[in-house]
Amino acid sequence: MLNAYTQVNAQHILLAITPQTTESELKQQAEEVYEGIQQGLGFEEAVKRFSQDSFTKDQNGDLGWLKIGDAIPEFEKVAFALGVGEISRPIRSSYGYHIIRVNSKRELEQPKDFNLETEKQRILKQKQATAIDQYVQRV
């Protein structure tokens, strides 16, 4: 069950948007990387060869444990829907194309003083902050 106490441990490959690449070139490159993985290229090897995420590339694309609100909505929607061990097709975000692998999932214990409305407000504020940050980056 997906809630604020569900977490996924994920890795990703980011093919970033740059002034030198067109949208169609970037999408094609992401599809080619995905197909290579499907044909036996190791995920970690694909990270080393293709990922442009300078923050996670040296850690094999490891994002650690993510909870709802930790990542951009497009990424979360896919990451939390994947099963353990599954690899996503390339997904588009404001950063470029991501290929995601979920390594594990866990449910944290819900605190006894849990309040659903308070939790909804917390998540809404996180998502609003993320949207504002993305808008500012584009401007």
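Which ring does the charged end of arginine 106 sit over, and how many Å is it from the centre?

Analyst: Bear in mind that this is a predicted model. The ring belongs to tryptophan 65, and the charged end of arginine 106 sits over it at 3.8 Å from the ring centre. For Arg, the test takes CZ, which has to be within 6 Å of the ring centre and within 35 degrees of the ring normal. If you were hoping for ring-ring pairs as well, the count of aromatic pairs comes to zero; for that, ring centres would have to lie within 6.5 Å.

Now for the strands around that spot. Tryptophan 65 is in β2, where it is the bridge partner of asparagine 9. Strand β1, residues 6-16, pairs with β2 in the antiparallel sense, and five bridges hold that pairing on record. Zoom out and you get an open sheet of four strands, ordered β2-β1-β4-β3, with antiparallel pairing. The edge places go to β2 (62-67) and β3 (91-93); each has a single partner strand, so one side of each has no neighbour in the sheet. On average, neighbouring strands here are turned by 45° against each other, ignoring direction.

Next comes the helix that goes with the sheet. Helix α1, residues 23-38, lies across β1, β3 and β4 (96-107), and runs at about 45° to β4.

The whole structure has six salt bridges. One of them joins the side chains of arginine 92 and glutamate 23, at 2.9 Å from N to O. Arginine 92 is in strand β3 and glutamate 23 in helix α1, so to speak a link between distant parts of the chain, 69 residues apart. Both ends are partly exposed: arginine 92 has a relative accessible area of 34%, and glutamate 23 comes in at 39%. Those labels follow because partly exposed covers the range between the 20% limit for buried and the 50% limit for exposed.

Another salt bridge brings together the side chains of glutamate 31 and arginine 89, at 2.7 Å, N to O. Here too the link is between distant parts of the chain: glutamate 31 is in helix α1, arginine 89 in the loop between α3 (73-81) and β3, and they are 58 residues apart. Glutamate 31 is partly exposed at 24% relative accessible area, and arginine 89 is partly exposed at 44%.

Arginine 89 has a further partner, as its side chain also meets that of glutamate 35 in a salt bridge, at 4.0 Å from N to O. Keep the cut-off in mind for this one, since a salt bridge needs the nitrogen within 4 Å of the carboxyl oxygen. Arginine 89 lies in the loop between α3 and β3 while glutamate 35 is in helix α1, so this pair ties together parts 54 residues apart in sequence. Glutamate 35 is partly exposed as well, with a relative accessible area of 34%. Through shared partners, the salt bridges join Glu31, Glu35 and Arg89 into one network.

One last stop is helix α4, residues 116-138, where glutamine 137 is found. Glutamine 137 counts as exposed, at 54% relative accessibility.

How values were computed:
Residues are numbered from 1 along each chain as its sequence is written. This is a predicted model: local features need pLDDT of at least 70, side-chain atom pairs count only at pLDDT 80 or more; totals for chains, interfaces and linings use all residues. Side-chain values use heavy atoms; hydrogens and water are left out. Two strands pair if DSSP finds at least two bridges between them. Helices (H or I, at least four residues) and strands (E, at least two) are DSSP runs, numbered from the N terminus. Axes are lines fitted to C-alpha atoms, for helices over the stretch in contact, and angles run from 0 to 180 degrees between N-to-C directions. Contact means heavy atoms within 4.5 Å. Rings of Phe, Tyr and Trp (its six-membered ring) pair if their centres lie within 6.5 Å; planes under 30 degrees apart count as stacked, over 60 as edge-to-face and the rest as tilted. Buried means under 20% relative accessible area, exposed over 50%, partly exposed in between (1.4 Å probe, protein chains only).
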